[in-house]
Amino acid sequence: MGTATDLEPVLLTAEPDRRFRVAADPARLRTRWLGRLAYDEAWDLQRAFWEGRQTGRATSDYLLLQEHPHVYTVGRNGDGSHLLIPEEGLAGIGARRFDIDRGGDITYHGPGQLVGYPIVALADLRKIVPYVRAVEEVLIRTLSDFGVEAWRDAGYTGVWTDRGKIAAIGVRVARGVTMHGFALNVDPDMGYFDHMNPCGITDRPVTSLVELLGRKVSIEEAVDVLVPRFVEVFGYQDNDLQLGAFTRGQGRPRAFEVDRLLAEGTFAPKGRAAVPVTIGKRLEGEPPRAPWMKVTARLGPEYRQLGRLMRELDLHTVCEEAGCPNIYECWSEGAATIMILGGVCTRACGFCDVTTGRPQGLDLNEPARVAEAIAAMGLRHAVITSVNRDDLPDGGSTVFARTVQEVRSRVPECDVEVLIPDFKGVRGDLERVMDAGPAVLNHNTETVLRLQREVRTAASYGRSLALLARAKWHRPDGVVKSGLIVGMGETREEVLGAIADLRSVGVDVVTVGQYLRPTVRHRPVHRYVHPDEFDEYADFGRRIGLAHIESGPLVRSSYHARDSLDAAATSEGRQPSAVAGPDSSRLPATLT
């Protein structure tokens, strides 16, 4: 990570009218509201963006905004002595402790607090103190917009009011790029501050925006005010602003379509009998099916042979379960993506036709049957995915790992690609799968940040990005991949921003494909994206340094999977996988 700069309390003179210019390149900022994100995931995520910025993967500065569950963080200047509750008592108040690499002493983060992590490349390392002043200025101006007079206080980093400290600041600067940042008390449970001496200060109170104003203020309202002030103070010329959903009391109440679909039984077997009214096979408001979206059904002998093999071995394919439009092409070429851990998913997504419910049991013999199928087909690249199994303590990661091991043992010449769920952000579950040695770790981001909660349940854009970054750190020689579906209501600019985010955190391969409603019960198609726009996404991905990007109307995350691996291998100077193996005369050498 480089050398840290720990900021001791310094005398900071208030300069409310000064235009601060500390960023090395103020041309573009990318701001992301990530919602509530576990602290360890957020820490790794900002590390990934920091790494991307200082290595050149990211060409823009970032402002990562989020809210955390209850945590106490102890910086490099602290020893934990200012935490006033025994560590064994933290679980009793639903909190955790983290010792981290920023300057300063102890800080609390929790619901009702707006936390910001600017990832800024500084123009000059001598501008570290001016950088902190700029962050303070953002907060002072934000509070002023709410009618609150706030200031810097001689000898204490942070922002103060006549009723105490309202915002803490703790930063780290390494290799000229900032990490960590600020925490603004909007409406947190102030009782959590009683369990520590905030910032190691024993004789000064702490307050919140709600206490000062005597009225309700939401995180959403604070974000709306703070972001323009950040852009103004730092002098950015352009801000790619993408906001996730404000939920759990963070903002205005909202209804999400996926919740309506779930309530209507769209994803359950009993709901499949309900058929909404369509006009010419289109739901109300849907555009006509684009001419470039035609798919030809090819029900040849290979298609039937693969189907029989899956049934004989009692295996599922995502091709069938999710209604993939490429099923005829892929199955006719002997290609399929095997889905393990059963056919019932514990989550619901508005674009997916997999049944949602409570899975029953766990088949521990499934890994061996998957390996048998792959051996029977003579494959040299196998893609293995699963439903979400939030009901299992390990999220199904043990079965994933055993499946990879079985395939590698029985068909050692076969590259294995795993398309995994997020495992609720548990690092150990991810590492269990990675340690089994897949050639490709694939985890789909699915859609842009704004639509995550609209189309998915229990999913998180920030969690997905953190998982992808962790996968790359754990196996730097492996290929990390993610996919996006478009045509669900996103904008072109949001897609470009999402591709940039994926590249920034270390993803090697990205796929972008058109959303096709699997049934009339699912989320309507918002638009059919023109092939020229898909070409633009591909050109952009190549320009920003992706090893490979597959972008087109019928592209899916495992479509042409080995081509993606070969392209990534060639990009990194590794030997591509063989085009065919000894058994390729029987079936093509890719299970995708």
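Two strands pair if DSSP finds at least two bridges between them, and strands themselves are DSSP runs (E, at least two residues), numbered from the N terminus. With that in hand, let's walk through this predicted model, where local features need pLDDT of at least 70, side-chain atom pairs count only at pLDDT 80 or more, and totals for chains, interfaces and linings use all residues. Residues are numbered from 1 along each chain as its sequence is written, and side-chain values use heavy atoms, leaving out hydrogens and water.

On one side of the sequence comes S8 (residues 156-161), which runs antiparallel to S9 and is joined to it by three bridges. Thr-161 has Gly-164 of S9 as its bridge partner, and a hairpin through two residues links S8 to S9.

Next comes S10 (residues 177-185), paired with S9 in the antiparallel sense over eight bridges. Here Ile-169 stands opposite Phe-182 of S10. The hairpin of S9 and S10 has two residues between the strands, and Arg-175 there takes a positive phi near 55°.

Now for the nonpolar cores, each a set of buried Ala, Val, Leu, Ile, Met, Phe, Trp, Tyr and Cys residues joined through side-chain atoms within 4.5 Å. The largest has 98 residues, and Ile-374, Phe-400, Ile-420 and Ile-499 have the most contacts inside it. A second, separate core has 46 residues, including Val-173, Val-231, Tyr-236 and Phe-246.

Definitions and conventions: Buried < 20%, exposed > 50% of the residue type's maximum accessible area, 1.4 Å probe, protein only. Helix = DSSP H or I, 4+ residues; strand = E, 2+ residues; numbered from the N terminus.
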